Amino acid sequence: MSKQARLLSPIVLIFITALIDMIGFGIVIPILPLYSERFGADPWQIGLLFGSFSLMQFIFSPILGRWSDQVGRRPVLLVSVLGTALGFLMLGLANSFWMLFLGRIIDGISGGNISTAQAYVADVTPLEKRSTAMGLIGAAFGLGFMLGPALGGLLGHYSLHLPFYFAAGLAFLNSVLIYFFLPESLPVEKRQVKSGSLWSFQGLGAAMGTPFGTILLCSLACTIAFSLVTGLFTLFTTHRLHWDARTNGMLFAYIGFLGIMIQGGLIRRLAPKLGEKPLVIWGTVLLFASMLVLPLSNSLLLVLLASSGLAIGNSLVVPMLAGLASKSADGQSQGSVMGLMHSGASLGRMIGPALGGLLFNFDTLHPELPYGISPFWVSALLMLFGVVLA
């Protein structure tokens, strides 16, 4: 294989797609709460804004996943990436709070393509290497989570509109790469027959009585807890520790760096030796402990320690659950199963920030409580449920 072919191999292009998706997701974290406050939004409204993105992913991840089982992965990835570019362009052009909602809704619909990217990986990797390959997607998440907030903080220092234009340009570039270089991974003879609706609550209900249902519930609990913490984390650091957007961006870059180290390298050695289930258990325990400690942190060192636990725990849980879910599906339903997984995670990312906004408002109304203690300890209780499921 030539050097150029290796650089543009399908797995590399899927890695780039996941990376750009996560850069776009991460770029808004240090900026969007501050951007929203310019339009008079309170914490609960900001939580709803974050949640609107995830609500659309919850609805459209199974649709895009099953659609990709029917028409192939490549067209679904191409259309959705173009939608992501449009959503970020809308955010950059926003001059009112409703335009922010519209941009996040468009981006959320398009962001359901992660399930299709994971199905693509499942198409081209053998069963015994499936969890490790999902770890590569996780590494793209970690790198994007490192670069996105850092870029958001740096570009937002010059203009709060600039990060969104930058993300739109990246998404458009990604669509060009997909169009010219990404081959189809699902042959016509392996595609599902077009029948029934693309989104079925009946199928979701049937999954609850299977081992996959336990995997899905564990993913949901972990995602609600993690997004409750991360979605409004900048409010905690700004009001409690008096950090600015640049400092917040650097912290999220550090969390993303840890994710890269674990999901891009360490997990390849741990998964074959320890297995998926033990890694999920250890990851959920670490997330639970970190969420207990975080609201008690009043110094940079303690915040870094708690954030390290969040990053490591999440980096263990997410790819291992994705690998277990993929192994529970046959070759014709990878898109549907990964769509359900991503839909469950999106539901968690919808509930988490909205619940977090209400709890932050509760802390504001009760100044005798340390700011941020209610949302973080509620997230710890949710993680305890995740530990039990694991």
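1. Helices and strands here are DSSP runs, numbered from the N terminus: helices are H or I of at least four residues, strands E of at least two. By that count the protein has 17 helices and 0 strands.

2. The model is predicted: local features need pLDDT of at least 70, side-chain atom pairs count only at pLDDT 80 or more, and totals for chains, interfaces and linings use all residues. Residues are numbered from 1 along each chain as its sequence is written, and side-chain values use heavy atoms, with hydrogens and water left out.

3. Of the 390 residues, 59% are buried (under 20% relative accessible area, 1.4 Å probe, protein chains only). The exposed surface comes to about 15,600 Å², 72% of it from carbon and sulfur atoms (Shrake-Rupley method, 1.4 Å probe). Contacts are heavy atoms within 4.5 Å. Among those with a separation of 6 or more, 83% join residues 24 or more positions apart.

4. There are 2 cavities of 30 Å³ or more. A cavity is a set of points on a 1 Å grid over the protein atoms alone where a 1.4 Å probe fits but cannot get out; lining residues have an atom within 4 Å of a point. Points are joined across faces, edges and corners, and volume is the space filled by probe spheres set on them.

5. The largest cavity holds about 920 Å³. Its lining has 48 residues, with Met22, Phe25, Phe141, Asn314 and Arg349 closest to the centre. By class, 26 are nonpolar, 18 polar and 4 charged (nonpolar: Ala, Val, Leu, Ile, Met, Phe, Trp, Tyr, Cys and Pro; charged: Asp, Glu, Lys and Arg; polar: the others, Gly among them).

6. The second largest cavity has about 30 Å³. Phe226, Thr230, Phe233, Phe252, Ile255, Ser307 and Leu310 line this space. Helices H11 (211-231), H13 (245-274) and H15 (300-327) each give two or more of these residues. The lining splits into 5 nonpolar, 2 polar and no charged residues.

7. The largest nonpolar core has 70 residues; Tyr35, Phe88, Phe164, Phe233 and Met291 have the most contacts inside it. A core is a set of buried Ala, Val, Leu, Ile, Met, Phe, Trp, Tyr and Cys residues joined through side-chain atoms within 4.5 Å. H15 gives the largest share, 10 residues. Beyond four places in sequence, Phe233 touches Leu251, Phe252, Leu294, Val303, Ser307 and Phe376. Another core lies apart, with 22 residues including Ala18, Leu77, Val81 and Ala85.

8. Thr17 sits in helix H2 (residues 10-27). Thr17 is buried, at 1% relative accessible area. Leaving aside neighbours within four places, Thr17 contacts Leu77, Val81, Asn174 and Ile178.

Terms used:
1 Å grid on protein atoms, 1.4 Å probe; cavity = no way out; pocket = protein on both sides within 12 Å on 5 of 7 lines; lining within 4 Å. Buried < 20%, exposed > 50% of the residue type's maximum accessible area, 1.4 Å probe, protein only.
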